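Hi,

Here is the structure I said I would pass on.

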Amino acid sequence: MREINNIVILTGAGISAESGVATFRGPDGLWEGHRVEDVATPEAFARDPDLVQKFYDERREKLAGVAPNAAHRALAKLDRLWSGELLLVTQNVDDLHDRAGSERLVHMHGELRSAWCSRCGERSKFEGKLAFDPACPRCDEFGGLRPDIVWFGEMPYHMDKIEAALARCDLFVSIGTSGAVYPAAGFVRTAGHYGARTLEMNLDPSEGSIYFNESQMGKAGELVPAWVEGLLKT
Ligand code: OAD
């Protein structure tokens, strides 16, 4: 088996579930009472900006009441101690990986604690409520800020960096994602195509489960720390 130097880790909503952040595709198929399409598309924002702004304002406000769990902390420890290349790609818009201390991290679907101004095109760190229509901290214009979230039909962030890392990695690990949303759902096949070993950790088999060399089913808060400790001993 190929020696492991370079690692890419993809995380989804399941890694934050034990911190109390709702996953997207709950048993009722709704995300906090809404169809994903009604709050996560540019069309939804054009149709009802107030509903969409309030929805993400509530999610942003809730971040103050949640904390990183054992899985976020274990990945931050791996980032600190792993001397090879490592890239943590999260689909999550919460900031729990950041708060746990992960540094080699990209948020491919944007961040709740960031706002994007359509007037000046700049992104800024943001706390508070976008529904109050605050001025952009960069250009001082009102009426231009939207959540810095990648909605359906928009291009995820950092794709060049992610694809380069997938082509170089020896191990690709996917944690807590249903594998329902592309391009992230296709990363396992890209990494596998370049010869990486692939491992999935999820509560139940994801839609792309068959593409992984190994699947571990269970809670991220238990599986991830055990996997990290094992890897650091090799
Ligand atoms: P989903 O809600 O689709 O999937 C979460 C997965 O985590 C499910 O397969 C659960 O079984 C699993 N899970 C739940 N609790 C877990 C636990 N404690 N430990 C391990 N696994 C657990 O969330 P994502 O796959 O992240 O995009 O969704 C992908 C994208 O869809 C999101 O980034 C979002 C959404 O539309 C945007 O907002 C652009």
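**What I found**

Let me begin with a cysteine: Cys120 is partly exposed, as its relative accessible area is 30%. For the burial words here and below, buried means under 20% relative accessible area, exposed means over 50%, and partly exposed is in between (1.4 Å probe, protein chains only).

Before going on, the ground rules. This is a predicted model, in which local features need pLDDT of at least 70 and side-chain atom pairs count only at pLDDT 80 or more, while totals for chains, interfaces and linings use all residues. Residues are numbered from 1 along each chain as its sequence is written, and side-chain values use heavy atoms, with hydrogens and water left out.

**Cysteines**

Back to Cys120: which cysteine sulfur is closest to its own? It is the one in Cys139, at 3.8 Å, which is too far for a bond. Cys139 in turn has its closest cysteine sulfur in Cys136, again 3.8 Å away and too far for a bond. Cys139 is also partly exposed, since its relative accessibility is 25%. Searching the whole structure gives zero disulfides (a disulfide being a pair of cysteine sulfur atoms within 2.5 Å).

**Aromatic rings**

There are four aromatic pairs in the structure. The rings of Phe, Tyr and Trp (its six-membered ring) pair if their centres lie within 6.5 Å; planes under 30 degrees apart count as stacked, over 60 as edge-to-face and the rest as tilted. One of the pairs is Phe55 with Tyr56, which is edge-to-face at 5.2 Å centre to centre and 90 degrees between the planes. Phe55 and Tyr56 are both buried. Another pair is Phe172 with Phe212: the centres are 6.3 Å apart and the planes are at 20 degrees, so this one is stacked. Phe172 sits in strand 7 (residues 171-175) and Phe212 in the loop between strand 8 (197-202) and strand 9 (214-217), so the pair ties together parts that are 40 residues apart in sequence. Helices (H or I, at least four residues) and strands (E, at least two) are DSSP runs numbered from the N terminus. Phe172 and Phe212 are buried as well.

Phe55 and Tyr56 also belong to one aromatic cluster, together with Phe45 and Trp151. Trp151 has Arg146 over its face, 3.9 Å from the ring centre. Tyr211 has the charged end of Arg189 over its ring, at 4.1 Å from the centre. The test for a charge over a ring is NZ of Lys or CZ of Arg within 6 Å of the ring centre and within 35 degrees of the ring normal.

**The ligand**

Which residues come nearest to the ligand? Of the 23 around it, they are Arg25, His109, Val150, Thr177 and Ser178; a residue is near a molecule if one of its heavy atoms lies within 4 Å of it. Thr177 has an N or O atom of its side chain 2.6 Å from a ligand oxygen. For the side chain of Asp204, an N or O atom is 2.9 Å from an oxygen of the ligand. On the nitrogen side, a ligand nitrogen is 2.8 Å from an N or O atom in the side chain of Glu18. The protein covers 93% of the 800 Å² of accessible area that the ligand has on its own (Shrake-Rupley method, 1.4 Å probe; for residues, only the protein chains shown count as cover).

Ser209 is in the loop between strand 8 and strand 9, and it is buried at 15% relative accessibility. Its side chain makes polar contacts with the side chains of Glu200, at 2.6 Å, and Ser215, at 3.5 Å. A polar contact is a pair of N or O atoms within 3.5 Å; within protein, one must be able to donate a hydrogen and the other to accept it, and residues adjacent in sequence count only if both atoms are side-chain atoms.

Trp227, in helix 9 (residues 220-233), is buried with a relative accessible area of 11%. Its C-alpha atom is 9.9 Å from that of Ala71, 156 residues apart along the chain.

**Backbone points to look at**

Tyr182 and Pro183 are joined by a cis peptide bond, with omega about 10 degrees. Pro183 is in the loop between strand 7 and helix 8 (187-193). Asp133 is a residue other than glycine with a positive phi, near 55 degrees, and Asp140 is another, with phi near 70 degrees. Asp133 lies in the loop between strand 5 (123-125) and strand 6 (145-149), and Asp140 is found in that loop too. Asp133 is partly exposed at 39% relative accessibility, whereas Asp140 is exposed, with a relative accessible area of 56%.

Cheers
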